[in-house]
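Trainee: I am new to this structure. Please show me how to read it.

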Amino acid sequence: MTAQLDSFYPTRVDFGTLDEIHRAAAAALPAEVMDFVEGGAGKEITLRDNRAAFDRWRILPAPMSGVGSPSTRTEILGMPLQTPILTAPFGGDALFHPDGHPAVARAAQARGALSVVPEAGSYSYQRVRAAAPGAARIAQVHPFGHVGAVADRVARLGYEALCVTLDCPVGGFRTRNMANRFDPDQRHFAGNLTGENGAPGVAEIFGQLLKRGGMVWDWATLATAATGFGLPWIAKGVLTPAAAEQAVAIGASGLVVSNHGGRQVDPAPASLDMLPGIRAAVGPDVPILLDSGIRTGSDVFLALALGADAVIIGRAAIYGLAAAGEAGVDRVLELLTEELRTLMILAGTPGIAEIDSSRIVRASS
Ligand SMILES: Cc1cc2nc3c(=O)[nH]c(=O)nc-3n(C[C@H](O)[C@H](O)[C@H](O)COP(=O)(O)O)c2cc1C
């Protein structure tokens, strides 16, 4: 990294809180890039509600529970996790820090977390996997065009599962980007369009995404394509029991309950509010991840109590990356995990499996 870049990208890692990391990210990034990260669609009602939904629940203290060293270990699709946290697939990562997703995945690997590696990232699936094969095990794909070819390619690279994003047939109506006339260099989203991972048709996919036309795949098209996936796949962007049942019916091995961090439909319901109904619809055995609004260890606890097996962090990881690269993401994972562990002692839950709805109540107001 050049001296000039060093001054733009601080490496300070003694951050005490996520708020400090958030402020450092805001200081490091140009205002319109920070808006691209922070913003939601439309009136940003969903963006706000994703956070407010967590504030409507309370965790029950369990005095004298005898729990002193709880374990945050768990697993998703047979992949072990030291902490029930995955980093989100987010495109344009080099806009936030030149080290991008390879740094995110290295941080996740060091903490025993997993990274979902995006199709629209600045670095190829191959580069991210090479940087941290212990964390870069799930590849996110868009279900259009040459998704079968992409699935084959990531399987050859050693990825063990696909994360198919269902809720982005067109980019949401992102008000802040429009106000800012935000027009990022598309190369930051093109790590998989060129070089060793380039595949015919992928450029066309992103061309379509940028238009307002929308993609025209439906459940039947996806069902047919999915029969050719050589890997298990999880459906990301499920927000209703009906969509969850449909995804499982066509072969999804897991779900990501998500409204894309409030970036697509606005106003859509908060992910957390929809989670219990989705868990009830698909039963106890389908792995469920939750994202949209996770910022603290207590958020992780509440998501697990309401039916998730693990959570995905988008903006929280981006704040860490922008603030201090790999070390910043590492600190975010550490803070979330340590708060979760602390709450597990205080709430008397020796392991992740014991975090259930008996541990929480609705707030009275
Ligand atoms: C800047 C940014 C870019 C994103 N790009 C993608 C993407 O390319 N594919 C995808 O499935 N989700 C994408 N997402 C959504 C995240 O994967 C995730 O669902 C969301 O950030 C979770 O909400 P949170 O940011 O409140 O944690 C993006 C999110 C952000 C903030």
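Mentor: Keep in mind that this is a predicted model. Start with one side chain. Aspartate 266 reaches the backbone nitrogen of threonine 46 with its side chain, at 2.8 Å.

Trainee: Which other backbone nitrogen does the side chain of aspartate 266 reach?

Mentor: That of isoleucine 45, also at 2.8 Å.

Trainee: Where is aspartate 266 found?

Mentor: Look in the loop between strand 9 (254–257) and helix 12 (271–282).

Trainee: Is aspartate 266 buried or exposed?

Mentor: Aspartate 266 is buried, yet it has no salt bridge. A salt bridge needs the charged atoms within 4 Å. The nearest side chain of opposite charge is lysine 43, 6.6 Å away.

Trainee: Which residues does aspartate 266 touch?

Mentor: Leave out residues up to four places away in sequence; the list is then Ala41, Gly42, Lys43, Glu44, Ile45, Thr46 and Leu47.

Trainee: Now the ligand. How many residues surround it?

Mentor: 21 residues do, and the closest are Pro89, Thr165, Asp291, Gly293 and Arg315.

Trainee: Which atoms should I look at there?

Mentor: Take the side chain of aspartate 291: one of its N or O atoms is 2.7 Å from an oxygen atom of the ligand. Glycine 293 uses a backbone N or O atom, 2.8 Å from a ligand oxygen. For arginine 315, a backbone N or O atom also lies 2.8 Å from an oxygen atom of the ligand.

Trainee: How much of the ligand does the protein bury?

Mentor: Alone, the ligand exposes 600 Å², and the protein buries 96% of that.

Trainee: Which elements give two or more residues to the shell around the ligand?

Mentor: Helix 3 (31–38) and helix 14 (315–347).

Conventions:
Residues numbered from 1 in each chain as written. Predicted model: local features only at pLDDT ≥ 70, side-chain atom pairs only at ≥ 80, totals over all residues. Heavy atoms only, no water. Helix = DSSP H or I, 4+ residues; strand = E, 2+ residues; numbered from the N terminus. Buried < 20%, exposed > 50% of the residue type's maximum accessible area, 1.4 Å probe, protein only. Lys, Arg positive; Asp, Glu negative; His and termini not counted. Polar contact = N/O pair within 3.5 Å; in protein donor to acceptor, adjacent residues only side chain to side chain. Contact = heavy atoms within 4.5 Å. Near = heavy atom within 4 Å. Areas by Shrake-Rupley, 256 points an atom, 1.4 Å probe, with all protein chains shown as cover.
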